[in-house]
Number of protein chains: 2
Amino acid sequence: MSLTVVGSIAFDSVKTPFGERERMLGGSAVHFSLAASFFTDVRIVGPVGDDFGQPEFSLLEGRGVETADIVQVEGGETFFWRGSYGFDLNTATTEETALNVFGDFDPELSPDSAAASTLFLANIQPEVQRRVRAQCRDAGLAALDSMNLWIESARDELVGAIGEVDCVLVNDAEVRQLSGEPNLARAARAVIDMGPRTVVTKLGEYGAALFTQDGFFAVPGFPLEDVRDPTGAGDSFAGGFLGYLDGVGGTPDEADLRLAMGYGTVLASFNVEKFGCERVSELERDEVEARLAELRNMTGL
Amino acid sequence: MSLTVVGSIAFDSVKTPFGERERMLGGSAVHFSLAASFFTDVRIVGPVGDDFGQPEFSLLEGRGVETADIVQVEGGETFFWRGSYGFDLNTATTEETALNVFGDFDPELSPDSAAASTLFLANIQPEVQRRVRAQCRDAGLAALDSMNLWIESARDELVGAIGEVDCVLVNDAEVRQLSGEPNLARAARAVIDMGPRTVVTKLGEYGAALFTQDGFFAVPGFPLEDVRDPTGAGDSFAGGFLGYLDGVGGTPDEADLRLAMGYGTVLASFNVEKFGCERVSELERDEVEARLAELRNMTGL
């Protein structure tokens with residue numbers, strides 16, 4: 001079993017009411033990889049610049065993430081994002097974005113990355129997602145994330161990409177925008193009609209909901225009293241979700257999908273307890289299991 | 001076992017993208033009563049005008065609701081509300097409100113109403129809630145709802161009222177506003193510190209979450225593809241929740257509270273399928289049980 005994730009590797013400067021950090025390691029593929037690393041072998045694919053060094057490689061490798069497919073672009077700079085959150089932490093304000101080497105990213109997978117059993121296409125241009133998917137045809141489970149930018153500017157390509165994966169993981173605003181349907185159940189159904197077997201809608205602090213052709217399952221957000229930095233919560237969810245499924249292997253059944261929703265929720269909850277990757281990079285598997293047991297006790301009639 | 005609810009009885013004119021109705025029977029106490037009527041004996045207390053007649057009494061009595069404590073004010077008119085919902089159904093726009101007889105409402109409970117084992121103080125002025133609570137001292141379970149208007153204009157009275165009940169049922173925006181805490185878990189904890197054992201936050205389409213001194217439990221909204229009129233969903237939830245608990249009797253334990261959350265969710269989901277009380281007034285108990293079984297299957301890890 002192995003999981004390849006393709007997406008952004010970044011430096012994030014983040015300010016929330018609970019503190020601030022400069023140039024932390026971040027990016028979708030990073031948050032995803034760290035979360036997934038609790039369950040399976042993870043290979044991260046993405047570009048970085050000369051400013052990306054041993055501390056960043058070590059953080060990923062410390063969790064066992066395979067970094068051989070990170071492409072270091074000579075003379076380039078790593079994707080940079082600066083943002084802040086207000087008192088309610090629900091909305092990020094972007095203050096600066098510099099795509100840098102990520103702007104020209106057109107990945108060629110190594111044979112090892114292309115041989116993954118599970119593929120996650122983090123939020124990148126849909127046409128890039130399709131080219132990566134085409135290089136990784138044997139992945140029995142392929143999933144993608146997206147965002148409003150691509151729904152607005154590259155809808156046809158995105159619908160094409162969705163038709164080539166098994167699972168779409170997006171937030172609820174995105175699934176509504178993508179389908180043009182304000183009703184969440186209808187919106188998810190419309191996306192399933194584009195091809196994937198499963199649509200997971202991330203609901204922020206309200207948790208996540210999973211839709212299949214004739215099924216529905218929901219998990220609440222883990223009730224944290226101390227949330228310090230929500231950056232990367234959605235990617236951590238996706239990492240816990242797909243990492244668990246890749247670890248199980250084969251075509252996931254209903255019970256696998258439910259547990260995966262639980263692990264996604266647990267990893268997202270740890271991610272937001274501290275800034276950036278601070279919490280997940282020091283997390284232990286027994287903490288994951290303990291919180292899953294707590295979550296299990298908070299759900300179910 | 002018997003449940004007394006004190007609150008508004010209204011005529012509602014509602015327009016949604018799926019249709020419109022003029023002067024339907026509505027109001028918090030009405031939606032609550034109909035939902036609670038599946039589980040226990042319900043007495044509704046509230047004022048109406050000359051315009052309230054046999055069709056309205058019959059609708060309530062058809063579900064077994066005791067209407068003897070409805071006060072018909074001679075020469076008065078019933079509370080009237082006109083509102084509309086846009087395409088996403090999440091926000092009501094009020095176009096007209098006429099409090100009419102509800103404006104001077106200062107209930108005196110009959111001996112039968114005052115002898116209730118459970119009391120629900122629907123969203124009315126906090127000082128009226130306190131006067132009613134004082135008349136119904138023997139209720140082993142008392143709960144209240146409130147709204148932004150009272151949080152802003154009568155906060156001290158509201159905090160006093162909250163200190164005199166066992167359970168607060170409000171929406172998530174209200175619990176945040178009341179506590180001044182954007183974090184939902186902290187906000188609920190702050191309200192529990194005002195006195196009640198239980199705080200239920202209604203999350204609209206995302207379901208509901210229950211907080212106790214050291215417990216948390218959440219239920220997702222039932223995934224409906226056809227929502228026609230969300231008016232009264234919160235009161236239907238409260239009716240299912242408290243009605244079930246009154247039917248069980250005694251001090252509710254954890255398992256009772258969980259099932260009550262389930263019944264609240266189920267009643268709210270039926271309520272929004274048609275306009276006003278159209279769906280719940282024709283609902284059968286076996287439909288309630290069937291949907292609870294479906295909901296149970298959609299939750300729990």
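## Close-up views of a predicted two-chain model

**View 1. Strands β6 and β7 of chain A pair in the antiparallel sense.** The pairing of β6(A), residues 79-85, with β7(A) runs over six bridges. Within this pair, Phe80(A) stands opposite Ala98(A) of β7(A). The model shown here and in the other views is predicted.

**View 2. Four strands of chain A form an open sheet.** Strands of a sheet pair through backbone hydrogen bonds, either parallel or antiparallel. In this sheet the pairing is mixed, and the strand order is β3-β2-β6-β7. The edge strands are β3(A), residues 19-26, and β7(A), residues 92-98, each of which pairs on one side only. On average, neighbouring strands of the sheet are turned by 15° against each other, with direction ignored.

**View 3. Strands β12 and β13 of chain B form a hairpin.** Two residues lie between β12(B) and β13(B). The strands, residues 208-212 and residues 215-219 of chain B, pair in the antiparallel sense over five bridges. Phe211(B) stands opposite Phe216(B), a residue of β13(B).

**View 4. A rotation of 180° superposes chain A on chain B.** Two copies of a chain are related by a rotation about an axis and a shift along it. Here the shift along the axis is 0.0 Å, and the RMSD of the superposition is 0.0 Å. This is the relation of a two-fold axis. In chain A, the C-alpha nearest the axis belongs to Gly300(A), at 1.8 Å from the axis.

**View 5. The two copies meet through the same surface.** Of the interface residues of chain A, 100% are also interface residues in chain B, which is why the surface is called the same.

Methods. Residues are numbered from 1 along each chain as its sequence is written. Chains are lettered from A and ligands numbered from 1 in the order in which they are written. This is a predicted model: local features need pLDDT of at least 70, side-chain atom pairs count only at pLDDT 80 or more; totals for chains, interfaces and linings use all residues. Two strands pair if DSSP finds at least two bridges between them. Axes are lines fitted to C-alpha atoms, for helices over the stretch in contact, and angles run from 0 to 180 degrees between N-to-C directions. Copies are superposed by least squares on the C-alpha atoms of residues with pLDDT of at least 70 in both. Two residues are in contact if their C-beta atoms, placed from the backbone, lie within 7 Å.
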